[in-house]
Amino acid sequence: MKHLLISISCCLTLFISNCSPKLSPYFESTRFLESAHMFIVNDSLTLSLKAPSDLRFIQNKEMVIDRVQKQNMNPEDLLAYGITEIPPHYQVFIWINSKHRVKPTKVYEMVRDTVLQGHKIVLACVTKKEKYFTNLIGDCTEIFASISTDTNYKNNVPSVLDLSRQFGNRYYQGLHAIRNYPVKGRSEKWLRLQMAINYASFLAPTPIYDKLLDKFPSPLLEDSLKKIIRTEAIQGMVNVKKTLLREAKNHRMVIFNENHFYPTHRKLITKLLPAFKQIEFTHLALEAAWPGQDSLLNAGHPPTIDTGFYTREPRFAELIRTAQKLGFTIVAYENTNPSKGRERGQANNLYNQTFAKKDSTRVLVLVGYDHILERPTPNGKNWMVYLLHKYYAINPLTISQTHLNNYRELAKPVALVPSNLFNDCELNSIDWLLLNNLSLTAHTPNYIYSNPFNETIQIALFLTSELGPLNDYSNRIPYKTGLVKPNETVEYHLPKADYCIVIYDQEGNILAEKNLSKEEANNFDVGNY
């Protein structure tokens, strides 16, 4: 049974007991998912509901109790408390199995209650201004109608993939939301792990990144492969670079692949980019750049959150900045034509945007995983590079950073092995196998930040030159970012430039921001505030 109470001149107050207030025992297991809407999900209650996206639900217990009591409301048995951050301003209270009585007060409110699956649910929406009351009624009616407590309670909840696109440069919030996403089965658990590792990689180096990587399944290491690497690999950055450039001089196209959640793979390409420019490579083609974004990058605009998903990772953004400074033409070649297979569409786009326009073009390409394979797989799969050769007679130099990735600790810090030393048909489908064990830690730090807050935070350092006259960083990619625990420090090497430093909490709220001058950014003793 559903019961509606609406009053324009009065509000509710709950009877406040003398004992210490406690939130609902279900409070800590409640999850908040931000997508086009805000979703509340509790698996223990088999409950979900949908709220407007501008409602911010507070997840810190002490903060909820404090704020609710300041509103003369009782937090006892409270499941969730939210407040809008933009007009119309109102607050939302949701109680579960509450036994407290309701008394009128003097603000504008809407109250509904119902019993579903044996649980009494009370929803109260409250505003202090009459002009917001009409909006309050509409929003809270939709919230109440969305409540589901049956076996299909997750049907309208966004997927973890949908969720992963919502957080912009608030990587800590994204990581937290994805790790707490209520998955349904094995395939969703697998997808959640991958997306969590991606967000953790945006913040790396950090212990949570290493912890999540350890959960990612990896094949057992083979002694026979270890022996080949130890005895035959070309070791060290100087020797690897020399070999790659010698080989690259004989090709119009060189293709590296990457694992999308290993920032070191982009870091290596950035290190090599100036040398490729010296041997007259003209284009940098990126699978990860979204269609149409290359024209903005080639016009001199900095990489932004809209450039792509994986390009939000700071080392990837730095690869793009470096390419722009060196004068490379950037190519986004991902297929968007549903009538073509992805591999054929990528091969077509890559050729049409490079050699078809100018035959003397020389292209450095960054692809994901097996798109680099030059021969069909045993099950008949034709990957992009094979199709480049089949349809356009292009025989690129191919270097895989993924196929021996599990052996990367044998590299000092990088190593290169010719594929003809291996009997495996997949390893033989690439020219060279590269082991990348580069470090993500700054070797010569010149800036230190100490976290003064009593919670883990995300620090984000944005280049002021990319923010524009309004100093708007909402759509920008941090030059450096990471997680810092309370009373701990983080160190970075910052080129001499002006920066804007922003501190985010776990929920994506801005705790602090300030401008950082060139002098401050290069003073190892500055950074605490």
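1. A term first: a pocket is an open set of grid points with protein on both sides within 12 Å along at least five of seven lines, and its lining residues have an atom within 4 Å of a point. The model discussed here is predicted.

2. Take the second largest pocket. Its lining has 35 residues. Nearest its centre lie Phe-57, Gln-59, Gln-506, Glu-507 and Asn-509. Two or more lining residues come from each of β3 (31–34), β6 (55–57), α1 (61–70) and α4 (171–179). The volume is about 910 Å³.

3. The lining of the second largest pocket splits by class into eleven nonpolar, twelve polar and twelve charged residues.

4. The largest pocket has a volume of about 1,100 Å³. Its lining is made of 35 residues. Arg-315, Leu-440, Thr-441, Ala-442 and Lys-480 are the ones nearest the centre.

5. Which elements give two or more residues to the lining of the largest pocket? They are α6 (207–215), α9 (263–278), α11 (314–326), β22 (480–484) and β23 (489–492). β22 gives the most, with five residues. By class, the lining of the largest pocket holds 15 nonpolar, twelve polar and eight charged residues.

6. Helices α9 and α11 deserve a separate look. Their axes are 8 Å apart and the packing angle is about 10 degrees. Angles under 35 degrees count as roughly parallel, and α9 and α11 are therefore roughly parallel to each other.

7. On the α9 side, the contact uses Pro-263, Arg-266, Lys-267, Ile-269, Thr-270, Leu-273, Pro-274 and Lys-277. On the α11 side are Arg-315, Phe-316, Glu-318, Leu-319, Thr-322, Ala-323 and Leu-326. This contact comprises eight nonpolar, two polar and five charged residues. Arg-315, listed here in α11, is also among the residues nearest the centre of the largest pocket.

8. The crossing is right-handed.

9. Which residues make the contact between α12 and α13? From α12 come Glu-343, Arg-344, Gln-346, Ala-347, Asn-348, Leu-350 and Tyr-351. From α13 come Met-384, Leu-387, Leu-388, Tyr-391 and Tyr-392. Sorted by class, the contact of α12 with α13 has eight nonpolar, two polar and two charged residues.

How values were computed: Residues numbered from 1 in each chain as written. Predicted model: local features only at pLDDT ≥ 70, side-chain atom pairs only at ≥ 80, totals over all residues. Heavy atoms only, no water. 1 Å grid on protein atoms, 1.4 Å probe; cavity = no way out; pocket = protein on both sides within 12 Å on 5 of 7 lines; lining within 4 Å. Points joined across faces, edges and corners; volume = space filled by probe spheres on them. Helix = DSSP H or I, 4+ residues; strand = E, 2+ residues; numbered from the N terminus. Nonpolar A, V, L, I, M, F, W, Y, C, P; charged D, E, K, R; others polar. Left-handed = near helix turned anticlockwise from the far one by under 90°. Contact = heavy atoms within 4.5 Å. Axes fitted to C-alpha atoms, helices over the stretch in contact; angles between N-to-C directions. Parallel < 35°, antiparallel > 145°, perpendicular 65-115°, else oblique.
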